[in-house]
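Hi everyone, thanks for making time today.

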Amino acid sequence: MPEGRVIQGIGGFYEVMDLNSGQTVATVARGKFKRAGSLYVGDLVRYEMVTAEQGVIEEVFPRSIELLRPTVSNVDRIMIVFALKNPDYNLLLIDRFLLLAETSGLEILLVFNKRDLVGEAAVKKVAGPYREIGYKVIVTSTKTRQGKRLLLQEIKEGVTVLSGPSGVGKSALMNMVCPEITRETGEVSKKIGRGRHTTRQAKLLSLPNKAGFLVDTPGFTQLDLDFIEPLELAEFFPDFRPYFGACRFPGCLHKKEPDCSIKDAVSRGELFSWRYEHYLTFLEEAKRFKRLRTEQKYRGRKRS
């Protein structure tokens, strides 16, 4: 039986790209795969053609990784996109996206778009610190095509999920690297300073080389940290990792404890103070969600 990758799923029908020919086939799922949630965009499958125009998915291969926001499987990297201007970037929001990407364990690519709207000093101000931290950063402009070659080099193989707030130019970037695909690009609302959501559901877009794919996903405006334990939070800050194990107390939350290696590094200027402030903000959020989970569990026990 031929093998393929699920490109899109709508109402029980699945578009599958054949791994050998690169052609797309309209399919439905057989048996147990019909139930909701059993097939993800990105799934590798075996299918059988039952008519000249339609196939049936007979088998789903084990997934290497599953993401739930968005629901997609077998992903290799996350590409986080922010605009340098229009809308203005927000460092706290950038760090929130990076934090959530770090929890996935995937490769992270940080893209700052709309380079044509700002000067070199503005680029260095935002991109420089993240490069220093160790993130792979690409600066792009869909107007001038700056960064296109570098971007294609990074995403030429495997599956890349796009993430980032609305209005930063994700659809325009997809148009730039996949010129044969016509996408609706959203204008930034002047009234609220945000972009309209031009993407409605996850879809896998094939790059021209047929070896790389982009996952087109809806824009995000709310990103909760309800699944991160407070004690685990610092692990998702790669700039903090060289200082692990040097705190006086095991289980240090790096907030009020004395002889904390993270706080000492901040005071010496070895860590960016704004990154540490963002960590504290996320720590309080993670602690709040943990309290809510504990309260809900306690109420559940009382009812039983």
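Let me start with a term: a residue is buried if its relative accessible area is under 20%, exposed if over 50%, and partly exposed in between, using a 1.4 Å probe and protein chains only. By that rule, Cys260 is buried, because its relative accessibility is 1%.

Before going on, a word on where this comes from. This is a predicted model, in which local features need pLDDT of at least 70 and side-chain atom pairs count only at pLDDT 80 or more, while totals for chains, interfaces and linings use all residues. Residues are numbered from 1 along each chain as its sequence is written, and side-chain values use heavy atoms, with hydrogens and water left out.

Now, the overview. The chain has six helices and 13 strands; these are DSSP runs numbered from the N terminus, helices being H or I with at least four residues and strands E with at least two. Of the 304 residues in the chain, 49% are buried.

Back to Cys260, then. It sits in the loop between strand S13 (212-216) and helix H5 (261-267). Which residues does Cys260 touch, leaving aside neighbours within four places in sequence? They are Cys247, Cys252 and His254, where contact means heavy atoms within 4.5 Å. Arg248 is 12 residues from Cys260 in sequence, and their C-alpha atoms are 6.4 Å apart.

Next, the barrel. Five strands close into it in the order S1-S2-S3-S5-S4, with mixed pairing; two strands pair if DSSP finds at least two bridges between them. From one strand to the next, the twist averages 55°.

Let's move on to strand S8, residues 77-83. Why is S8 described as largely enclosed by the rest of the structure? Because seven of its seven residues are buried. In a regular strand, side chains alternate between the two faces of the sheet. Here both faces are covered: Arg77, Met79, Val81 and Ala83 are buried on one side, and Ile78, Ile80 and Phe82 on the other.

S8 has parallel partners too. To get from S8 to S9, the chain passes through helix H1 (residues 91-104) in a right-handed β-α-β crossover, meaning that, with the strands pointing away from the viewer, the path from the first strand over the helix to the second runs clockwise. S8 also pairs in the parallel sense with S11 (residues 158-163), over four bridges, where Val161 is the bridge partner of Ile78.

One backbone detail belongs here. The peptide bond from Asn86 to Pro87 is cis, with omega near 5°, and Pro87 lies in the loop between S8 and H1.

Lys114 has a phi of about 65° and is found in the loop between S9 and helix H2 (120-133). Arg145, with a phi of about 70°, is in the loop between strand S10 (136-139) and H3. Are they buried or partly exposed? Lys114 is buried, at 15% relative accessible area, whereas Arg145 is partly exposed, at 44%.

Key. Axes are lines fitted to C-alpha atoms, for helices over the stretch in contact, and angles run from 0 to 180 degrees between N-to-C directions.
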